[in-house]
Amino acid sequence: MRLLVVEDDALLLDGLTVGLGLAGFTVDAVTGCEDARAAVAAQDYDGIVLDLMLPDGSGLDLLTSLRARGEAIPVVLLTARDQVPDRIAGLDAGADDYVGKPFDLDELAARVRAAVRRGKGRSSATLRWRDVELDPAAFSAQRAGQPVKLTRREFAVLAALMERPQGVLSKASLEDRIYGWQEELESNAVEVHIHKLRAKLGADFIKTVRGVGYRLAGEGEA
C-alpha cells in the first residue's frame with residue numbers, strides 16, 4: 001500500500017515515514033502543496049496523509065483542488081487544528097478522516113487502512129484467496145490456518161494481488177507498490193519476490209501472464 005505523506009515538520013515527517021513503513025506501508029514524503037501536486041500527478045497512491053498548515057499554502061486548499069479535479073484518493077488529515085469547526089471543514093472539503101496532533105501512530109495507521117479499504121469498496125479488513133489469508137493490520141499471513149512468514153515486500157506484493165484477485169498486475173505496477181522514491185530497485189526484484197511467494201504458498205498460487213504481468217490462480221488452475 002503506497003502512501004503520500006505531506007508534512008513540513010522534518011522530525012515528524014521522518015517519524016511518520018519510518019513508523020508507517022514499519023506498519024507495512026510504502027511511503028513517499030513531501031513538505032509542501034506544490035510537491036504534493038507533482039507527486040499525485042506522477043504516481044498512483046492508495047492514500048494521502050495530509051497536514052493542513054504547510055509552508056506554501058493550505059492543505060485544505062490542496063484537498064479541495066484534488067477533489068475538484070476528480071481525484072478520489074483517500075485522504076486522512078493530520079493537524080493540530082482539532083476543534084469541531086476545523087474537523088467539519090476538513091470533512092466537508094472531501095477528507096475521509098481527521099486525526100488531531102498529538103496522535104498515536106498505531107491509530108493513524110489503522111485509520112489510513114480503514115480509509116483505503118472504504119475507498120476500494122471492501123468491507124473486511126482481511127484479504128482472502130483460496131486457503132490464504134492476509135491481515136494488513138497485524139501484518140500476518142496464513143495458509144490453511146497455518147502462519148506463513150513473509151517479508152515486508154513479499155507481503156506488499158501479495159496484498160496487491162489479493163486486492164485485485166481477478167486482475168493482472170504488471171511488473172511496473174508492483175514495483176510502484178513496493179518501492180518508494182528513495183529506495184534502490186534491482187531489475188529482477190519483483191521476479192525474486194514472486195519466486196519466494198510461490199515457494200511459501202505453492203507453485204500454482206501466482207500465475208505469470210506472459211508479456212503482461214502476474215495474477216492469482218483460481219482453485220484447481222494449473
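Me: Before anything else, what do buried and exposed stand for here?

Reply: Buried means under 20% relative accessible area, exposed over 50%, and partly exposed in between, with a 1.4 Å probe and protein chains only. Keep in mind that this is a predicted model: local features need pLDDT of at least 70, side-chain atom pairs count only at pLDDT 80 or more, and totals for chains, interfaces and linings use all residues. Residues are numbered from 1 along each chain as its sequence is written, and side-chain values use heavy atoms, leaving out hydrogens and water.

Me: Okay, is Q43 buried or exposed?

Reply: Q43 has a relative accessible area of 11%, so Q43 is buried.

Me: And which residues does Q43 touch?

Reply: Contact means heavy atoms within 4.5 Å. Leaving aside residues up to four places away in sequence, Q43 touches R2 and D176.

Me: How do strands of a sheet pair, in general?

Reply: They do it through backbone hydrogen bonds, either parallel or antiparallel. Strands are DSSP runs of E, at least two residues, and helices are runs of H or I, at least four, numbered from the N terminus; two strands pair if DSSP finds at least two bridges between them. Here 4 strands form an open sheet, antiparallel, in the order β8-β9-β10-β11. β8 (127-129) and β11 (146-148) stand at the edges with a single partner strand each, so one side of each has no neighbour in the sheet.

Me: Over how many bridges do β9 and β10 pair?

Reply: Strand β9 (residues 132-135) and strand β10 (residues 140-143) pair over 4 bridges, in the antiparallel sense. In β10, A141 is the bridge partner of L134.
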